[in-house]
Amino acid sequence: MRQRHLWAATTFGVLILSALFLVEDVNAQRALTAHTIFMTAVEFKGATTIDKLAPPSANPTSLSKGYGYKAPGEADKNAPTKWEVVSYAFTPGFVTVRQGDTLTVIAFVVNGDKHEVAMLAPDGQVVVPTATWHRGQEYRVSFAAEKVGTYRLSCFTHAPTMTATFLVLPR
Ligand SMILES: [Cu+2]
């Protein structure tokens, strides 16, 4: 009988401790976080020749201003069968944070001479007004993720594909 009481008491103790750790864990998750995110504006490039792969039937530039295409003959005058595609992007392109967190995005432009960039909140409100970002320079954008949903750092020069998405989850 005494053993059974001891077992019950131990089980109860373990449950209480587990509950305490769980509460601590949830509190830790709820702590407001200040994030610093380093981002790079890049241009991905791919090339091949028509003997390996036929060029796309539709010009990729009709899909996005962020895509580039050089048809056979345009890509390399010395290699008339070569064709080339490019895509401008922010990397990382997707970031997840909690509501109330603060973000500082430090972006460096490696590819593309100019990018017309703005940051919009989930409701379309302007968080950071349009500015021109130049190759070789670093830019800093700070904001508080007050609204649940997706904030977008968009480049209008290469829309709609050159976009970094910040998903804000409820706290
Ligand atoms: Cu751009």
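Where does Pro92 lie? I found Pro92 in the loop between E3 and E4, where helices (H or I, at least four residues) and strands (E, at least two) are DSSP runs numbered from the N terminus.

**Ground rules.** I am reading a predicted model, in which local features need pLDDT of at least 70 and side-chain atom pairs count only at pLDDT 80 or more, while totals for chains, interfaces and linings use all residues. Residues are numbered from 1 along each chain as its sequence is written.

**Overall layout.** I looked up the elements and found one helix and 10 strands, which run α-β-β-β-β-β-β-β-β-β-β from the N terminus on. Of the 171 residues of the chain, 15% count as buried; a residue is buried if 20 or more other C-beta atoms lie within 10 Å of its own, exposed if 12 or fewer, and partly exposed in between, with the C-beta atoms placed from the backbone. I then turned to contacts, for which two residues must have their C-beta atoms, placed from the backbone, within 7 Å. Among contacts between residues at least 6 apart in sequence, 65% join residues at least 24 apart.

**Sheet with E1 and E5.** I traced five strands that form an open sheet in the order E2-E3-E1-E5-E8, with mixed pairing; two strands pair if DSSP finds at least two bridges between them. The edge strands are E2 (67-70) and E8 (138-144), each of which pairs on one side only. For the twist I noted an average of 20° from one strand to the next, the axes being lines fitted to C-alpha atoms, for helices over the stretch in contact, and the angles running from 0 to 180 degrees between N-to-C directions. E1 and E5 run parallel and are joined by eight bridges, and I noted Leu103 in E5 as the bridge partner of His35.

**Sheet with E9 and E10.** I traced another five strands in an open sheet, in the order E4-E10-E9-E6-E7, and here too the pairing is mixed. Its edge strands, E4 (94-98) and E7 (126-134), each pair on one side only, and the twist averages 15° from one strand to the next. E9 and E10 pair in the antiparallel sense over six bridges; along this pair I found Tyr151 opposite Phe166 in E10, and Thr165 in E10 as the bridge partner of Arg152. E6 and E9 also run antiparallel, joined by four bridges, with Val117 standing opposite Cys155 in E9.

**Core.** I next looked up the largest nonpolar core, which has 19 residues, and those with the most contacts inside it are Phe90, Leu153 and Phe166; such a core is a set of buried Ala, Val, Leu, Ile, Met, Phe, Trp, Tyr and Cys residues joined through C-beta atoms within 7 Å. At least two residues of this core come from each of E1, E3 (82-91), E5 (102-109), E6 (114-120), E9 (149-155) and E10 (163-169). E5 gives the most, with four residues. I listed the contacts of Leu153 beyond four places in sequence, and they are Phe90, Val105, Val117, Met119, Thr163 and Ala164.

Why does Val105 count as buried? I put this down to its 21 C-beta neighbours inside 10 Å. Val105 is placed in E5, and, leaving aside neighbours within four places in sequence, it is in contact with Ile37, Met39, Val141 and Leu153. The C-alpha atoms of Val105 and Thr36 are separated by 5.9 Å, although these residues are 69 apart along the chain. I placed Thr40 in E1 (residues 34-49) and recorded Thr40 as partly exposed, because 15 other C-beta atoms lie within 10 Å. Not counting residues up to four places away in sequence, Thr40 touches Thr91, Phe108 and Val110. From Thr40 to Thr91 I noted 5.4 Å, C-alpha to C-alpha, across 51 residues of sequence.

**Cis bonds.** Most peptide bonds are trans, so I checked for exceptions. The peptide bond from Thr91 to Pro92 is cis, with omega near 0°. I noted another cis peptide bond joining Ala159 and Pro160, with omega about -5°, and found Pro160 in the loop between E9 and E10.
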